[in-house]
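Reader: I'd like to learn how to read a fold from its coordinates. Can you walk me through some features, one at a time?

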Amino acid sequence: MTSEIIADPELDPTATYAVSPSRARHLAARVVASPKAETFTRTSPITGGPLAALPISTATDVRRAVSLARSAQRRWAAMSFDQRKRVFLRFHDLVLEHQVELLDLVQLESGKARAHAFEEVLDVAIASRHYAQEAESYLRPRRRRGAIPVLSQSRELHHPKGVVGIVSPWNYPLSLAITDAIPALMAGNAVVLRPDQQGSLSALAGIELLGEAGLPVGVLQVVLGPGSSTGQAVVDAADYVCFTGSTPTGRKIAAAAAERLVSFSLELGGKNAVYIAADAHLDRAVDGAIRACFSSAGQLCISTERVIVHTDIYDQFVPRFVAAVRTMTVGTALEFGYDMGSLVSQDQLDIVTAHVEDAVKKGAEVLVGGKARPDLGPYCYEPTVLAGVTAAMAVRDEETFGPVTSIYRVSSDDDAIALANDTDYGLNASVWTRDVRRGREIAAKIQTGTVNINEAYAAAWASMAAPMGGMKASGMGRRHGAEGILKYTESQNVTAQHLLPIAPAFGASDQTFAKVMSVSLALMKKAGLS
Ligand code: NAD
């Protein structure tokens with residue numbers, strides 16, 4: 001079943017765009033851009049044809065969006081948590097109710113399989129429910145121990161930053177545009193969002209549902225256009241910057257935000273590893289490794305490009321894994337049932353092809369896959385497994401961001417940990433073992449922001465109460481959990497002093513004060529006070 005947004009050439013012979021122009025115009029009405037704005041059109045990896053014409057917001061439009069957001073923010077921040085909560089609980093339901101259209105748009109823009117598009121719907125619903133229910137407890141004023149018990153009474157408060165700028169990429173066009181906005185909004189901020197041009201329709205459809213859920217007009221502004229102009233203008237004007245994308249762009253965003261002394265979070269690239277320990281449950285590990293490597297055709301920041309296998313299980317695991325990959329179905333239809341979809345663009349296809357060709361030229365063995373499949377879709381590429389990968393090959397250390405994984409044999413858990421950590425990145429990892437306790441010990445030694453035990457990535461990702469993000473070159477800051485909302489606030493310490501000052505009083509000399517304080521400090525230490 002597909003939605004009515006799809007332009008059907010059989011019903012409308014003049015249809016040029018994948019998305020019906022009237023639906024695209026309706027969605028584009030939310031974009032801050034002049035009526036005579038230039039437009040851009042992206043190609044759908046599903047149809048190979050144009051998606052829709054959408055407006056480009058100029059730097060002046062972005063400044064206008066920030067100013068509109070700033071005036072709406074004050075009223076929004078004055079509303080109670082309960083009022084904001086109602087909006088996001090309603091949004092949760094609307095996202096599930098409207099999932100058919102959302103799935104169509106995500107597929108049309110990204111090319112991913114419908115099951116992988118559904119992960120985006122899930123993510124948005126889970127984030128919405130979590131922060132609707134928990135924001136108040138994360139942000140409520142808290143008593144803190146003062147300098148002198150009873151006399152100094154501290155409260156920790158959290159105020160919204162103001163206008164949060166969000167720049168999101170194309171690979172999860174719905175979820176990465178919306179889920180970072182949810183805690184920012186629940187904390188009382190306004191948001192200016194610049195979704196990627198290849199994901200703008202999915203983001204706009206999500207924003208439309210937020211409006212339907214009761215989000216007041218003006219609180220969430222959307223601007224569209226190239227990252228280097230429209231995206232940069234958001235970074236240059238927001239009170240906080242939340243960026244998701246590649247490490248090289250993340251470094252530029254960090255420099256620009258540092259120059260303005262605004263804080264930021266960066267969710268960046270990865271070169272993630274799966275470790276199949278000697279005692280792994282074989283069938284589950286094979287199944288999980290496939291999810292880890294090929295979800296969204298490998299265009300998932302937390303997907304896996306390195307499968308590390310203990311030598312004791314290597315000869316059983318690898319043939320089963322390769323055989324299972326060989327049976328995967330690849331296709332671009334707007335329906336459930338395919339194991340993998342397409343890459344997003346010719347650029348992604350070129351990177352994937354170059355990495356595999358480079359590896360093969362330098363001696364790697366293709367165990368399965370290794371070819372583009374234009375017969376299945378313009379940018380389709382087979383799920384691919386390589387062996388014999390060495391440090392001379394780009395695929396060993398660079399993020400491919402495609403359906404290509406390499407197999408490595410190790411002879412101990414320590415060697416697996418060392419290999420998993422032998423990368424500049426530190427985003428996600430997955431460990432497969434029947435001994436969960438040992439799995440936790442291994443996980444704690446892996447330098448990644450999330451580690452999943454006996455799951456590929458979804459367990460840690462969807463555990464919204466716990467933080468997720470990148471160590472090393474994979475990012476700064478975290479999304480989800482307390483950190484995922486506190487980052488959008490300014491904390492404030494308000495301390496009231498009672499009865500006595502922290503200074504000489506009642507005519508006491510400085511010397512007497514020093515003596516009294518020294519005794520008091522010794523007593524506080526003895527009492528175990530912090
Ligand atoms: P990219 O860095 O090229 O672009 C990301 C976004 O930033 C795009 O929308 C782009 O238009 C915009 N942009 C570019 N220059 C900008 C600038 N100067 N100012 C503001 N915005 C600018 O990355 P990409 O190739 O589009 O996305 C894939 C990358 O994103 C991969 O490395 C992937 O691992 C990473 N990613 C990370 C996460 C995560 O949560 N850690 C999630 C998804 C994707």
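Author: We'll go through a helix, some strands and a few aromatic rings. Keep in mind that this is a predicted model.

Reader: Let's start with helix α4. Why does the distance between its end C-alpha atoms agree with its number of residues?

Author: Start with the general idea: an α-helix has 3.6 residues a turn, so residues three or four places apart point the same way. Now the case here. Helix α4 covers residues 99–110, and at 1.5 Å a residue its 12 residues should span 16 Å; the end C-alpha atoms are 16 Å apart, so the two agree.

Reader: How many residues of α4 are buried?

Author: 10 of its 12, so to speak a mostly covered helix.

Reader: On to strands. Which way do the residues of β13 point?

Author: In β13 (residues 384–387), T384 and L386 point one way, while V385 and A387 point the other way. All four residues are buried.

Reader: Which strands pair with β13, and in what sense?

Author: Strand β12 (residues 365–368) is joined to β13 by three bridges, and the two run antiparallel. With β14 (residues 404–410), β13 pairs in the parallel sense over four bridges.

Reader: Where can I look at an open sheet?

Author: Take the three strands in the order β3-β4-β18, with antiparallel pairing. β3 (142–145) and β18 stand at the edges with a single partner strand each, so one side of each has no neighbour in the sheet. On average, neighbouring strands of this sheet are turned by 35° against each other, direction ignored. Between β4 (residues 152–160) and β18 there are nine bridges, and H159 has E490 as its bridge partner in β18.

Reader: Now the rings. What describes a pair of aromatic rings?

Author: Two values: the distance of the centres and the angle of the planes. The count here comes to seven aromatic pairs. Y131 and Y138 make a tilted one, 6.1 Å centre to centre with 50° between the planes. Y131 counts as buried at 1% relative accessibility, and Y138 is buried too, with a relative accessible area of 14%.

Reader: Why is the pair of Y240 and Y488 edge-to-face?

Author: It's the angle: the planes are at 70°, and over 60 counts as edge-to-face. The ring centres are 5.3 Å apart. This pair links distant parts of the chain, with Y240 in strand β8 (residues 240–244) and Y488 in the loop between α18 (483–486) and β18 (489–497), 248 residues apart. Both Y240 and Y488 are buried.

Reader: Which residues form an aromatic cluster?

Author: Y172, Y457 and W461 form one.

Reader: Last one: which charged residues sit over rings?

Author: Have a look at two cases. R114 lies over the face of F336, 5.8 Å from the ring centre. R409 has its charged end over the ring of Y314, at 3.9 Å from the centre.

Note on methods
Residues are numbered from 1 along each chain as its sequence is written. This is a predicted model: local features need pLDDT of at least 70, side-chain atom pairs count only at pLDDT 80 or more; totals for chains, interfaces and linings use all residues. Side-chain values use heavy atoms; hydrogens and water are left out. Buried means under 20% relative accessible area, exposed over 50%, partly exposed in between (1.4 Å probe, protein chains only). Two strands pair if DSSP finds at least two bridges between them. The expected span of a helix is 1.5 Å times one less than its number of residues. Rings of Phe, Tyr and Trp (its six-membered ring) pair if their centres lie within 6.5 Å; planes under 30 degrees apart count as stacked, over 60 as edge-to-face and the rest as tilted. A charge sits over a ring if NZ of Lys or CZ of Arg is within 6 Å of the ring centre and within 35 degrees of the ring normal. Axes are lines fitted to C-alpha atoms, for helices over the stretch in contact, and angles run from 0 to 180 degrees between N-to-C directions.
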